[in-house]
Amino acid sequence: MRIAMVGSGYVGLVSGACLAQFGHDVTCIDKVADKVAQLRKGKIPIYEPGLDKLVGDNMRAGRLTFDTNLAEAVGNADAVFIAVGTPTRRGEGHADLTYVRSAAAEIAEALRGYTVVAIKSTVPVGTGREVSRIIREARPEAEFDVVANPEFLREGAAIEDFMKPDRVIIGVETKRAHDVMAAVYRPLNLIQTPMVFTNIETAEVTKYAGNAFLATKITFINEIADLCEKVGADVHDVARGIGLDGRIGRKFLHPGPGFGGSCFPKDTLALTYTAQQANAPQTIVEQVIVVNDARKKRMAQKVIEFCDGSVAGLTVGVLGLTFKPNTDDMRDAPSLDIVSALEAAGAQIVAFDPEGMKEAARLMPSVTFAESAYDAVSGADVLVVITEWPEFRGLDPRRLMQLMRRPRIVDLRNIFNPDELRSLGFAYEGVGRRRVLAPSVINKLLGNNSKISAQDPEILSSSSRVSGPA
Ligand SMILES: NC(=O)c1ccc[n+]([C@@H]2O[C@H](COP(=O)([O-])OP(=O)(O)OC[C@H]3O[C@@H](n4cnc5c(N)ncnc54)[C@H](O)[C@@H]3O)[C@@H](O)[C@H]2O)c1
């Protein structure tokens, strides 16, 4: 099949390369000429594990090409995918459909013969009909069908997710378009991938419902982690304990500094906006957004409290800036809130991230960027782990101890073993890890006395050693 992919960012480039790997003849299109020029030379503008090889292999096989102009590729295509960005519209929560609309208008001009126009971007319900209208008005005689085919890949594991998805959702309303989409994804039949064929609106809502549910799951475990910190429980064991229940599942139960990234923040907002317009408010998701935003801001306060109430004049070594490991994506990363709040409180930040520093340098102009994780902690008064890159898990605590000015760690991803670090002499603070309760706390938990105050120094002994596995 001949496929045109309009938009060659994190989703379009991965999807285009994977569809070429399926054996299709794919042209990836992007407006940014520099990006296309790089891609033509085999240079990948983003960091995504395995993508350079996949792109290179398929370019050499003659199945994957790049262009800035969509006319020829769209004119020849059996299926055109729209994979442009849908950021939050300025000033409110609605998804900004400017790029989708303009892609639709350009596609309309280029259509030749029957073509399926499949929307891969995450778009609010109603967008499929709107794209159809735009094309129909521009080209009343054109033969086409619009299909909603939301993408569920995760950055950092994007190729695996595309090649071996849990499911493919296809909102389609004609037999002809159904058959084209079935042919696009035919290689997935071999691995018995569930294909959900449904109507366009259902496919559009499914994408938002999926992301909102995952964002809710993260936020839920984050609040449970807060509770664990106050009552002597360990959130990892709680997460395992509930996650082993097949109805709940173990994934997305890792506590941390709050969700960020290019999808969850904007998609939860867009869903609540749509729901308000539809007079079917999503109050759970609205609350998730409020709780998560507050959490990201509160994480800097957690560091400040850990440093006896002030970071003024301190050097804070930060490990990890991207919104998650194995990507260079900094969009809505929790590090943006945490670093700026620590700087505002008078700290000097020295940071290291394996792939995110180029973009971070643009967003965090006063941060000093280190050459390695050890460089970032050298001379630090406190180390803050914000993103759980695998290489940070292997850091040698003894070397950290030698390099740091003061051996203090705030581990917002729970990558270290608290017992090991404390036994070496570190002051350590994780998220939702177990601590020894003072008897007065137990009294308060069981009685009707006043609530436990976060500031009450007697309440919990955070530096106490607790036996057992981390
Ligand atoms: N990033 C993810 O992990 C992910 C996962 C699933 C779904 N999505 C959704 O996929 C969509 C794309 O996300 P992304 O992260 O790839 O965005 P992105 O910003 O990385 O890529 C979008 C690309 O589209 C290009 N573009 C915009 N208008 C164009 C036009 N008219 N013609 C050609 N190119 C054009 C831009 O130059 C850019 O390179 C969004 O709706 C997003 O919500 C993203």
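**Salt bridges, domains and cores in a predicted model**

Let me begin with Arg129, which is partly exposed, at a relative accessible area of 39%. In this talk, buried means under 20% relative accessible area, exposed over 50%, and partly exposed in between, with a 1.4 Å probe and protein chains only. The model is predicted, so local features need pLDDT of at least 70 and side-chain atom pairs count only at pLDDT 80 or more, while totals for chains, interfaces and linings use all residues. Residues are numbered from 1 along each chain as its sequence is written, and side-chain values use heavy atoms, with hydrogens and water left out.

Which residue forms a salt bridge with Arg129? The partner is Glu201, the closest N and O atoms being 2.7 Å apart; a salt bridge here is a side-chain nitrogen of Lys or Arg within 4 Å of a carboxyl oxygen of Asp or Glu. This pair links distant parts of the chain, 72 residues apart, with Glu201 in helix α9 (residues 200-231) and Arg129 in helix α6. Helices (H or I, at least four residues) and strands (E, at least two) are DSSP runs, numbered from the N terminus. Glu201 is also partly exposed, with a relative accessible area of 23%.

The structure holds 29 salt bridges. In one of them, Glu151 meets Lys120 at 2.8 Å, N to O. Glu151 lies in the loop between β6 (144-148) and α7 (158-163), and Lys120 in the loop between β5 (115-119) and α6 (127-138), so the pair ties together parts that are 31 residues apart in sequence. Both Glu151 and Lys120 are buried.

A further salt bridge joins Arg408 to Asp308, with the closest N and O atoms 3.8 Å apart. The two are 100 residues apart: Arg408 is in strand β13 (residues 408-411), and Asp308 is in the loop between α12 and β9 (315-319). Arg408 counts as buried at 5% relative accessibility, whereas Asp308 counts as exposed at 66%. Elsewhere, salt bridges that share partners join Arg101, Glu130, Arg133 and Glu137 into one network.

I turn now to the domains. The assignment, from an automatic or database source, gives domain 1 (2-198) and domain 2 (234-429). Their centres, taken over C-alpha atoms, are separated by 33 Å. Contact, meaning heavy atoms within 4.5 Å, takes 20 residues from domain 1 and 16 residues from domain 2. How many salt bridges are counted between domain 1 and domain 2? The count is one salt bridge.

Next, the interior. A nonpolar core is a set of buried Ala, Val, Leu, Ile, Met, Phe, Trp, Tyr and Cys residues joined through side-chain atoms within 4.5 Å. The largest such core has 58 residues, and those with the most contacts inside it are Leu321, Leu342, Ile349, Leu383, Leu400 and Phe416. Helix α12 (residues 283-306) contributes the largest share, five residues. A second, separate core of 41 residues includes Val14, Val36, Ile46 and Leu188.

Finally, the backbone. Most residues other than glycine have a negative phi. Gln192 has a positive phi near 55°; this residue is found in the loop between α8 (175-184) and β8 (195-198) and counts as exposed at 70% relative accessibility. Asn279 likewise has a positive phi, of about 60°. Asn279 lies in the loop between α11 (264-277) and α12, and is exposed at 69% relative accessibility.
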